[in-house]
Amino acid sequence: YKRQVSTQSTWDKRNVKVFALSCDDAESHKGWIKDINAYNACEVKYPIIADPSRDVATSYGMLDPVEKTAAGLPLTCRAVFIIGPDKKLKLSILYPATTGRNFVEVLRVIDSLQLTANHSVATPVNWQQGGRCMVVPSLSDEQATSKFPAGFEKATLPSGKGYIRTTPQPNLA
């Protein structure tokens, strides 16, 4: 949680709103927040939605089929949902209840989603901020030349097809 909280300015910079869902009641959240703040020397500021009936967790498929509470109820998975400005689901990741989320990866995905929504590119495997991007196939070479002043490189492939084209990250070029 310290990692998530310590990146609050990073979320803000990306215009991302963070909230959590918990199967505990709102009163237990207050105690949990105090514990997390003390343990991590941080301040949890994001809202936490109480779902003690597990209705929301169930409807979003967030229950771990293996891990159970002392009462035998399934624990919630460590879920991440990224919803775009168009209110559509862009990404969902379900980690087992026993596995922490990787906020470095979540930020990388958000950067990719924002980049690809605003420029005619796709991000390749293991892409990192500042790395080369793929020119989307829907752009002709002429359109890509016009759209990307830094240019693009076309891979020479055994098939002879020219669909693998890379360009410097457009919002940094």
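Q: Which order do the strands of the open sheet of 4 strands have?
A: Strands of a sheet pair through backbone hydrogen bonds, in either a parallel or an antiparallel sense. In this predicted model, an open sheet of 4 strands runs in the order S7-S8-S10-S9, and the pairing is antiparallel.

Q: Which are the edge strands?
A: They are S7 (121-122) and S9 (153-154), each of which pairs on one side only.

Q: How many bridges join S8 to S10?
A: S8 (residues 133-135) and S10 (residues 165-167) run antiparallel and are joined by 2 bridges. Met-134 has Thr-166 in S10 as its bridge partner.

Q: In which sense do S3 and S4 pair?
A: S3 (residues 63-68) pairs with S4 in the antiparallel sense, over 2 bridges. Opposite Leu-63 stands Thr-76 in S4. The hairpin of S3 and S4 has 5 residues between the strands, and in this hairpin Gly-72 takes a positive phi near 90°.

Q: How much space lies in the largest pocket?
A: Empty space is found by rolling a probe the size of a water molecule over the atoms. Here the largest pocket holds about 1,600 Å³ of space. It is lined by 47 residues, and the closest to its centre are Lys-17, Val-18, Phe-19, Val-80 and Phe-81.

Q: Which elements give two or more residues to the lining of the largest pocket?
A: Among them are strand S1 (20-22), helix H3 (26-40), strand S5 (78-83) and helix H5 (103-118). H5 gives the largest share, 8 residues.

Q: What classes of residue does the lining of the largest pocket have?
A: The lining has 29 nonpolar, 11 polar and 7 charged residues.

Technical notes
Residues are numbered from 1 along each chain as its sequence is written. This is a predicted model: local features need pLDDT of at least 70, side-chain atom pairs count only at pLDDT 80 or more; totals for chains, interfaces and linings use all residues. Side-chain values use heavy atoms; hydrogens and water are left out. On a 1 Å grid over the protein atoms alone, a cavity is a set of points where a 1.4 Å probe fits but cannot get out, and a pocket is an open set with protein on both sides within 12 Å along at least five of seven lines; lining residues have an atom within 4 Å of a point. Grid points are joined across faces, edges and corners, and a volume is the space filled by probe spheres set on the points. Ala, Val, Leu, Ile, Met, Phe, Trp, Tyr, Cys and Pro count as nonpolar, Asp, Glu, Lys and Arg as charged, and the others, Gly among them, as polar. Two strands pair if DSSP finds at least two bridges between them.
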